[in-house]
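The sequence and the model are shown first.

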Amino acid sequence: MAAKASNPDGTWYAGDIDRLVVTEDEIKQRTAELAKQVAADYADRDGLLLVGVLKGAIMFMADFSRALGLPVALEFMAVSSYGQGATSSGTVRILKDLDGDISGKHVIVIEDIIDSGLTLSWLLKYLASRGPASVEVVALLRKPDAVKVDVPVRYIGFDIPNEFVVGYGLDYAERYRELPYVGVLKPEVYTRA
Ligand code: PRP
């Protein structure tokens, strides 16, 4: 957990990452544990639907769905909560809606991070209004110190400090999503004029 991001990827964003928060190996291991837990809990249910929240959840959705070992359908929604800034505004709007009907389905929302909780709080109400059999959430990361609204999240990967993190789906101004780990972005990167 405390590994240093001393340029772990050659010249790849060299110098922009202050330190690692969750390593690639830790993500793999925790994803496998979460998948095992969810697979056991849902073993006797049909109509399992994973709803990934774009864009941040793409990496976790891909890895989690493959680790699950159960037949699932995949859907994606895109909602916007804080554009290109570094903190949440609380404004949520749908950029891409569900393609299909979720009524009667066992929905599992796949999120990369719960920051203020505003996105998820809104999303859970929205999904509940569409008649699913059940809705639960799997979130890879949560910032307990940033939570403004409590949301019921059954499966959490890691609680992390309230710092600006990027990687493994998380961006700053659309950069860093493809990093295989989660790390703290150096403040000078986002305070640069
Ligand atoms: C991020 C993240 C979550 C949400 C969490 O998405 O992926 O969906 O914010 O923040 P909250 O708990 O404070 O609501 P963002 O709106 O940045 O879009 P992106 O995933 O496309 O980067």
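A residue is termed buried when its relative accessible area is under 20%, exposed when that area is over 50%, and partly exposed in between, with a 1.4 Å probe and protein chains only. Because tyrosine 176 has a relative accessibility of 1%, it counts as buried. The model is predicted, so local features need pLDDT of at least 70 and side-chain atom pairs count only at pLDDT 80 or more, whereas totals for chains, interfaces and linings use all residues. Residues are numbered from 1 along each chain as its sequence is written, and side-chain values use heavy atoms, with hydrogens and water left out.

**Aromatic pairs**

A pair of aromatic rings is described by the distance of the centres and the angle of the planes. Rings of Phe, Tyr and Trp (its six-membered ring) pair if their centres lie within 6.5 Å; planes under 30 degrees apart count as stacked, over 60 as edge-to-face and the rest as tilted.

| Pair | Centre to centre | Angle of planes | Class |
|---|---|---|---|
| Tyrosine 13 and tyrosine 176 | 4.4 Å | 45° | tilted |
| Phenylalanine 60 and phenylalanine 64 | 5.7 Å | 50° | tilted |

Helices (H or I, at least four residues) and strands (E, at least two) are DSSP runs, numbered from the N terminus. Tyrosine 13 lies in the segment before strand 1 (17–22) and tyrosine 176 in the loop between strand 8 (165–166) and strand 9 (182–185), so their pair ties together parts that are 163 residues apart in sequence. Tyrosine 13 also counts as buried, at 16% relative accessibility. Elsewhere, ring pairs join Phe164, Tyr172 and Tyr190 into a cluster.

A charge sits over a ring if NZ of Lys or CZ of Arg is within 6 Å of the ring centre and within 35 degrees of the ring normal. Arginine 175 lies over the face of tyrosine 176, at 5.3 Å from the ring centre. The charged end of arginine 45 is placed over the ring of tyrosine 42, 4.3 Å from its centre.

**Helix 2**

Phenylalanine 60 and phenylalanine 64 both belong to helix 2 (residues 58–68), 4 residues apart, about one turn of the helix. Phenylalanine 60 is buried at 0% relative accessibility, and phenylalanine 64 is buried with a relative accessible area of 0%. The buried residues of helix 2 are Phe60, Met61, Phe64, Ser65 and Leu68. Viewed down the helix axis, these buried residues fall within an arc of 120°, so they line one face of helix 2; the arc is that of the directions from the helix axis to the C-beta atoms. Their cover includes helix 1 (24–41), strand 2, strand 3 (73–80), strand 5 and strand 6. Just after helix 2, glycine 69 takes a positive phi of about 70°.

**Strand 5 and its partners**

In strand 5 (residues 106–114), 9 of the 9 residues are buried, so the strand is largely enclosed by the rest of the structure. Two strands pair if DSSP finds at least two bridges between them. Strand 2 (residues 48–54) runs parallel to strand 5, joined by 5 bridges, and leucine 50 stands opposite isoleucine 108 in strand 5. Strand 5 also runs parallel to strand 6 (residues 134–142), with 8 bridges; here valine 109 stands opposite valine 137 in strand 6.

Strand 5, helix 3 and strand 6 make a right-handed β-α-β unit. A crossover is right-handed if, with the strands pointing away from the viewer, the path from the first strand over the helix to the second runs clockwise. Threonine 119 lies in helix 3 (residues 118–128) and is buried, with a relative accessible area of 15%. Leaving aside neighbours within four places in sequence, threonine 119 is in contact (heavy atoms within 4.5 Å) with Val79, Ser81, Val92 and Glu111.
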